[in-house]
Amino acid sequence: MSENVSPQSLRLKKFIAETGYSVFEFGKQCGIPSSKTMSDIIVKGKVPSPKVLDKIINRFPQLNHDWVVLGYGEMIVQGMQKQPATSNSLKKSRDASYENIQEYLENHDYALNYLANKIEKALLSSTKTFQQVNDRLTVFEEKIEIVNTEVKQNWEKYKAKIDNDLGEFAKTLKNEFTAIREDSLAARAERFKLTNELDDKRLKFLHDKFEEVKADLKSNSDANTKKAIEFVSEIGNYKKHSNPKPEK
C-alpha cells in the first residue's frame with residue numbers, strides 16, 4: 001500500500017466492503033456520476049471531499065461521519081444499522097459527538113505537549129553535543145598550538161644549517177656556471193680559429209685554381225695565335241696559276 005493513501009480512504013474502503021457493493025456500484029448508489037471520483041478515493045487513496053461524503057452518508061445514514069473523518073467511535077451509528085434514510089438522518093450522522101471531539105482535542109494537546117518535550121530534550125541533547133564538540137575543538141586547537149611551537153623551535157634549530165647549505169649550494173652553482181662560461185668561450189674561440197683556417201684554405205684553393213685556369217687560357221691562346229700566324233704565312237706564299245687553253 002502506498003504511503004500516500006489517506007486513513008479516510010482506508011476507512012471508507014472498509015465500509016464499502018461491508019455493504020457488498022463494488023466500488024463502481026457503490027458510487028452509483030450514492031449518486032456519484034463519475035467513476036473516477038470513487039477510483040481516486042479508494043484506489044489512489046485520496047481524501048473524500050465534503051460534497052462526496054455528504055452524498056455517501058445521505059445514501060447510507062448509518063455510516064458514522066466522525067469515524068470516516070476522524071477515526072473516532074464506531075463505523076456504524078448505534079441504532080441505525082437497519083434504519084432507512086430519512087430527512088434528518090444526514091444530520092444525525094454528520095453531527096460530531098462532543099465527547100469524541102473533546103477526546104480528540106485532548107489527545108491532540110497531549111501529542112503537542114509530548115512533541116514539545118521531545119523537542120526540548122533534543123535541544124538539550126544538541127546543546128550538550130555542541131559543548132562536547134566545542135571542547136574537542138579546544139583540545140584540537142591546543143594540540144595545533146603545541147605543534148606550531150615545535151615547528152618554530154625546529155626551524156630555529158635547523159635554520160643555520162639550512163642557510164649554510166644554501167650558501168654552499170650557491171658557491172657550487174657559481175663555480176659550475178663559471179666553468180661552463182669558460183668552456184663556452186674556449187669553444188667559441190676554437191670555432192673562430194677553425195673558421196679562419198677554413199677561409200684561408202678556401203681562398204688559397206680559389207687562387208691556385210685561378211692561376212691554373214689562367215695558365216691554361218694563356219697556353220691555348222698562344223697556340224691559337226701561332227696557328228693563325230702560320231696560316232697567314234701560308235696564304236702569303238700562295239702563287240696564282242692559269243689553266244692551259246684547251247686544244248682545238
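How much of the accessible surface of the protein belongs to carbon and sulfur atoms? The accessible surface comes to about 20,600 Å², and 57% of this area belongs to carbon and sulfur atoms. Areas come from the Shrake-Rupley method with a 1.4 Å probe; for residues, only the protein chains shown count as cover.

The model is predicted: local features need pLDDT of at least 70, side-chain atom pairs count only at pLDDT 80 or more, and totals for chains, interfaces and linings use all residues. Residues are numbered from 1 along each chain as its sequence is written, and side-chain values use heavy atoms, with hydrogens and water left out.

The secondary structure comprises seven helices and zero strands. Helices (H or I, at least four residues) and strands (E, at least two) are DSSP runs, numbered from the N terminus. The pattern along the sequence is α-α-α-α-α-α-α. Of the 248 residues, 15% are buried. Buried means under 20% relative accessible area, exposed over 50%, and partly exposed in between (1.4 Å probe, protein chains only). Contacts are heavy atoms within 4.5 Å. Among contacts between residues at least 6 apart in sequence, 59% join residues at least 24 apart.

Helix α1 spans residues 7-19. Its 13 residues reach 19 Å from first C-alpha to last, close to the expected 18 Å. The expected span is 1.5 Å times one less than the number of residues. Q8, S9, R11, L12, F15 and I16 are buried in α1. They lie on the same side of α1 because they cover an arc of only 165 degrees around the axis. The arc is that of the directions from the helix axis to the C-beta atoms. A17 and E18, on the other side, are exposed. Cover for the buried residues of α1 includes α2 (23-29), α3 (35-42), α4 (50-59) and α5 (65-69). G20 follows α1 with a positive phi, near 90 degrees.
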